[in-house]
Each structure stands twice: as structure tokens, then as C-alpha cells.
Amino acid sequence: MQPKSQIDRVSTAVPPQLWFGVSAVFHYLGPSFAVLLFPAVGVLGVAWFRVATAAGVFAVLTRPWRTLAEADGTTRLLLVALGVCLAVMNTSFYLALERLPMSLVAAMEFVGTIGVALYGERRARNVVALVLAVSGVFLLINVKWASDPAGLSWAALNALLFVGYIILGHRAARGGAGDGVRRLGAAMAIALVVLMPVGLAEAARAMASPTLVAAGVAVGMCSSVIPYVCDQLAMSRLPRATFALLLALLPASAAAIAALVLGQIPGGRDLAGIALVMAGVAVHKPAPA
């Protein structure tokens with residue numbers, strides 16, 4: 001593992017907004033590739049490849065067993081919570097993507113974030129932000145309330161857990177980028193243990209094909225390693241309010257990447273919905289840390 005000072009030097013080598021920009025691209029580029037793998041590997045199999053790849057890379061870089069052994073009780077609880085959150089969030093995200101457009105799933109992630117902000121900061125601007133975001137999601141949902149309630153349920157669960165990831169990820173990054181990456185590695189190892197019983201059986205069917213294995217590993221690198229490390233490098237230097245404002249870019253990046261990779265071209269109604277969600281995220285004031 002790199003010493004903490006080296007990781008922190010990497011973190012400060014460029015502005016934190018640039019780390020966030022890299023994360024914003026890969027946050028949805030990896031899942032777009034994952035959608036293309038669903039028919040060959042299965043949703044749970046792709047989720048397993050994603051988490052297993054990340055856990056393997058972090059095991060080499062951060063030695064998660066040492067992080068867990070040296071952690072106090074409070075930190076271990078944080079790592080377990082973050083690990084369970086990552087496992088269930090990634091799985092529900094893919095189960096939603098199997099049924100729904102990526103722009104809708106991404107937009108729903110931010111309604112929960114703004115709802116938490118309203119709970120912590122009961123201000124008029126947060127009420128306006130929530131109304132804007134919910135209105136945008138309704139435009140994106142269109143008739144899917146009736147046509148795909150299962151997909152919307154998975155998307156809602158993913159949205160709830162995305163809030164947990166933001167909160168827990170900031171707590172993990174409090175000691176700086178080095179501590180944040182080490183704790184992320186330990187949490188990813190826990191996520192692999194949680195996901196093992198439900199994902200390994202589907203993933204095993206693809207093990208005979210080197211091409212599918214390589215594609216699954218690539219999905220894991222693009223989906224979990226690159227964006228989550230960049231998140232830690234950004235979170236360690238950005239106040240939560242600034243990070244929350246930058247999140248307004250994610251619905252747009254999701255729509256753009258879905259259009260380029262998956263051919264999910266948004267119509268006028270979709271673009272209006274995305275714009276409303278982005279406005280809501282930009283307007284809201286996050287809850288205090």
C-alpha cells in the first residue's frame with residue numbers, strides 16, 4: 001500500500017473538482033457497459049464481478065484485513081455499514097437498470113439526497129429544491145408507475161442507499177484521502193462477502209469465457225475502483241455543501257453516457273425532467289455534517 005502522505009499528495013496534485021469530474025464520467029460509464037453484459041452474464045453476476053474486481057484491487061493496494069484489525073469499534077461499525085450499503089446499492093442499481101432508462105434511475109438517486117437536506121435544514125430553498133427534483137422525476141417516469149413497478153422499487157432502494165453512501169463516504173474520508181481510500185478498501189471487502197451468496201452462481205457461468213471475465217473486470221474497474229477512489233480524493237478536500245452542489249452534474253452525465261453507449265436518446269420531456277432534477281440539486285442546501 002502507498003503511504004498516506006503519497007495518497008494525499010496525489011489528492012492535492014489537482015483541484016478536487018477535477019477528481020469529481022473523473023468520477024462523474026465513470027460513475028455511469030461503467031454501468032452502461034454493465035447493461036451490455038446483462039444478457040450474457042446476468043444482472044447479479046455482473047454485480048458480483050463489479051464488487052469482486054474492486055475488492056481484489058483494493059486488497060492489493062490497501063490490505064483491508066489490517067485496516068479492520070487496527071480499527072476501533074466505531075470505525076469498524078462504519079466500515080460494515082459502508083460495505084453493506086455498497087453491496088446492496090450496486091445490486092439494486094443494476095436490477096433497476098435492467099428495467100428502466102439510466103437517466104430515470106440516476107435522477108431518482110438525488111430525490112433522496114435532497115430529502116435528507118430538507119430534514120436537516122428546514123428552509124424554503126430546500127422545499128423548492130425537493131419540488132423541482134420530484135417534478136423532474138415525474139416527467140422522467142411518465143407511465144412507468146403502472147408498467148414497471150418492480151423496476152421503480154429497485155430504483156427507489158438504490159436512491160435510498162445512495163444517500164447512505166454519500167453520508168458514510170464523507171465520514172470515511174474525514175481523516176484525509178489516505179484514510180478514506182484504506183477504509184473504502186475494507187468496506188469493499190465486506191461488500192464482497194455480503195454479495196457472495198447471491199452473485200457468485202451467476203458469475204460462475206461466465207468463468208469459462210476469458211472475454212466475459214475480462215469484460216466483467218473492466219466493468220468493476222470503471223464502476224467501482226475509479227469513481228469511488230476519485231470520490232474519496234474529492235470528498236477529503238471538499239466541504240459537503242460543495243460536493244452536494246457538484247452532484248447536480250450527475251443527472252446530465254448519466255443521460256449523455258446512456259445516449260452514447262446504450263442509445264437511450266432523451267426526448268424533450270426527458271430533457272426537461274433532467275433539467276428540473278439538476279436545478280433541484282443545485283438549489284438545495286445540504287444538511288450539516
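**Starting from one valine**

A: Val193 sits in helix H10; helices here are DSSP runs of H or I with at least four residues, numbered from the N terminus. Before going further, keep in mind that this is a predicted model, where local features need pLDDT of at least 70, side-chain atom pairs count only at pLDDT 80 or more, and totals for chains, interfaces and linings use all residues. Residues are numbered from 1 along each chain as its sequence is written, and side-chain values use heavy atoms, with hydrogens and water left out.

Back to the valine: its relative accessibility is 60%, so Val193 counts as exposed. The cut-offs are under 20% relative accessible area for buried, over 50% for exposed and partly exposed in between, with a 1.4 Å probe and protein chains only. Follow Val193 across to Ala52 and you jump 141 residues in sequence, yet their C-alpha atoms are 9.2 Å apart in space.

Next, have a look at helix H3, which runs over residues 43-62. From first C-alpha to last, this 20-residue helix reaches 28 Å, close to the expected 28 Å at 1.5 Å a residue. That expected span is 1.5 Å times one less than the number of residues. Of the 20 residues in H3, 14 are buried, so the helix is largely enclosed by the rest of the structure.

Most residues other than glycine have a negative phi. Arg63 is not a glycine, but takes the positive value anyway. You'll find Arg63 in the loop between H3 and H4, and it counts as partly exposed because its relative accessible area is 35%.

Now for the rings. The model holds six aromatic pairs. Rings of Phe, Tyr and Trp (its six-membered ring) pair if their centres lie within 6.5 Å, with planes under 30 degrees apart called stacked, over 60 edge-to-face and the rest tilted. Phe38 and Tyr94 have ring centres 5.7 Å apart and planes at 65°, so they make an edge-to-face pair. This pair ties together distant parts of the chain, since Phe38 belongs to helix H2 (residues 16-41) and Tyr94 to helix H5 (residues 73-97), 56 residues apart. Phe38 and Tyr94 are both buried. Another edge-to-face pair joins Trp48 and Phe49, at 5.5 Å centre to centre and 75° between the planes. Trp48 counts as buried at 11% relative accessibility, and Phe49 is buried too, at 5%. Ring pairs also link Tyr28, Phe38, Phe93 and Tyr94 into a cluster.

One last stop is helix H7, residues 124-141. With 18 residues, H7 reaches 26 Å from first C-alpha to last, close to the 26 Å expected. Its buried residues are Asn126, Ala129, Ala133, Gly136, Val137, Leu140 and Ile141. They cover an arc of only 140° around the axis, so they lie on the same side of H7; the arc is taken from the directions from the helix axis to the C-beta atoms.

How values were computed
Helices (H or I, at least four residues) and strands (E, at least two) are DSSP runs, numbered from the N terminus.
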